[in-house]
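Colleague: Could you walk me through this structure one step at a time? I am new to reading models.

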Amino acid sequence: MYKAKRFAKMLFYVEACESGSMFENLLPKNINVFATTAANAEESSYACYYDDLRQTYLGDVYSVNWMEDTDEENLSKETIQTQFELVKGETNTSHVEEYGDLNLAKLVLGEFFGGSFADPIVLPKASKTDAVPSEQVYMKLLAIKVEKATSKEERHYWSEQIRSAGAKRSFLTKTLVKIANAVADNPARSNVEALLRTRRPIDEDSHECLAVANKFFSKTCFSLAKNEFALFNAPRLLANACMDGVSAKQLVQVMQEVCTHQPMTGIH
């Protein structure tokens with residue numbers, strides 16, 4: 001897009017777990033793009049503002065902070081950097097980061113939000129003390145349903161949903177452990193744990209390997225689009241394996257041997 005001159009300047013706000021990984025060591029500093037993320041490359045973002053009526057979380061801490069600030073401030077005067085520092089200070093659940101052309105941060109927000117300014121909207125700050133890591137949201141919502149159940153039957157039903165969700169998560173985790181055991185250089189527990197848990201920026205040479213491995217895992221083991229819990233965990237294992245020198249061909253062979261189960265969806 002930059003080479004084709006499809007934009008003059010671009011501002012990104014990215015709300016996602018490990019959102020810094022989308023830009024760290026990837027976004028050039030000379031293409032007129034500034035990106036700010038809810039979290040660094042290694043941590044979760046957090047949901048907040050649970051609503052009893054809708055029985056879900058209405059926002060995420062980082063996004064709520066920057067949108068509330070945008071509502072309150074005069075965008076013809078507030079700069080990107082001013083907002084970034086404010087949001088970074090108010091977001092105490094994860095590390096708000098900035099990437100790309102940091103010189104753009106000197107510009108006022110109005111250059112990106114438009115030149116027609118509404119009157120600032122100032123509302124009472126709602127509490128974000130209910131913040132929960134994004135990967136735990138589904139189980140937390142089920143726990144709330146159990147807590148608020150008004151009958152024994154209802155409580156039993158939601159308790160069963162928690163048990164079922166936990167069993168599905170456990171099966172997926174055991175599958176990942178089998179893959180890690182098969183590709184680990186050293187079968188020692190510490191080496192397998194490192195493959196499963198270590199969070200590190202993927203190096204440029206491993207991108208192709210990871211793309212192939214993710215696609216095959218999603219098709220053969222667990223769909224990354226239809227199994228949120230897999231999306232939170234599998235790409236990390238595959239990326240670590242690729243960076244440790246395991247080839248895409250080796251990963252595909254291991255997954256063919258390990259993933260013999262029927263397709264599963266809805267593992268949150």
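## The sheet

Colleague: Over how many bridges do strand 3 and strand 6 pair?
Modeller: Strand 3 and strand 6 pair in the antiparallel sense. Helices (H or I, at least four residues) and strands (E, at least two) are DSSP runs, numbered from the N terminus, and two strands pair if DSSP finds at least two bridges between them. For strand 3 and strand 6, the number of bridges is two.

Colleague: What kind of model is this?
Modeller: Residues are numbered from 1 along each chain as its sequence is written, and side-chain values use heavy atoms, with hydrogens and water left out. Local features need pLDDT of at least 70, side-chain atom pairs count only at pLDDT 80 or more, totals for chains, interfaces and linings use all residues, and the model is predicted.

Colleague: In what order do the three strands form the open sheet?
Modeller: The pairing in this open sheet is antiparallel. Strand 4 and strand 6 are the edges, each pairing on one side only. Reading across the sheet, the order is 4-3-6.

Colleague: How many bridges join strand 3 to strand 4?
Modeller: Strand 4 covers residues 56-60 and runs antiparallel to strand 3. As one landmark, Ala-47 stands opposite Asp-60 in strand 4. The count of bridges joining strand 3 to strand 4 is four.

Colleague: Which residue in the turn of the hairpin has a positive phi?
Modeller: Strand 3 and strand 4 form a hairpin with four residues between them. Most residues other than glycine have a negative phi. The turn holds an exception, with a positive phi of about 55°: Gln-55.

Colleague: What is the relative accessible area of Gln-55?
Modeller: Residues are sorted with a 1.4 Å probe, on protein chains only: buried means under 20% relative accessible area, exposed over 50%, and partly exposed in between. Gln-55, in the loop between strand 3 and strand 4, is partly exposed because its relative accessible area is 40%.

## Helices

Colleague: At about what angle does helix 1 run to strand 4?
Modeller: Axes are lines fitted to C-alpha atoms (for helices, over the stretch in contact), and angles run from 0 to 180 degrees between N-to-C directions. Helix 1, residues 61-72, lies across strand 3 and strand 4. Its angle to strand 4 is about 60°.

Colleague: Is helix 5 roughly parallel or antiparallel to helix 8?
Modeller: Helix 5 (residues 152-183) and helix 8 (residues 228-243) have axes 11 Å apart and pack at an angle of about 5°. Angles under 35 degrees count as roughly parallel, over 145 as roughly antiparallel, 65 to 115 as roughly perpendicular, and the rest as oblique. Therefore helix 5 and helix 8 are roughly parallel.

## Loops and the whole chain

Colleague: Which residue's backbone oxygen does the side chain of Ser-94 reach?
Modeller: Ser-94 lies in the loop between helix 2 (80-90) and strand 5 (97-100), and is buried, with a relative accessible area of 8%. Among the residues Ser-94 touches are Glu-43 and Ser-44. At 2.6 Å, its side chain reaches the backbone oxygen of Ala-38.

Colleague: Is Leu-27 buried or exposed?
Modeller: Leu-27 is found in the loop between strand 1 (10-14) and strand 2 (33-37). Leu-27 touches residues including Val-33 and Tyr-99. With a relative accessible area of 17%, Leu-27 is buried.

Colleague: How many residues does the chain have?
Modeller: The chain holds nine helices and six strands. Its C-alpha atoms fill a box of roughly 60 × 55 × 30 Å, taken along the principal axes. Of its residues, 41% count as buried, and the total is 268.

How values were computed:
Polar contact = N/O pair within 3.5 Å; in protein donor to acceptor, adjacent residues only side chain to side chain. Contact = heavy atoms within 4.5 Å. Lists of a residue's contacts leave out its neighbours within four places in sequence.
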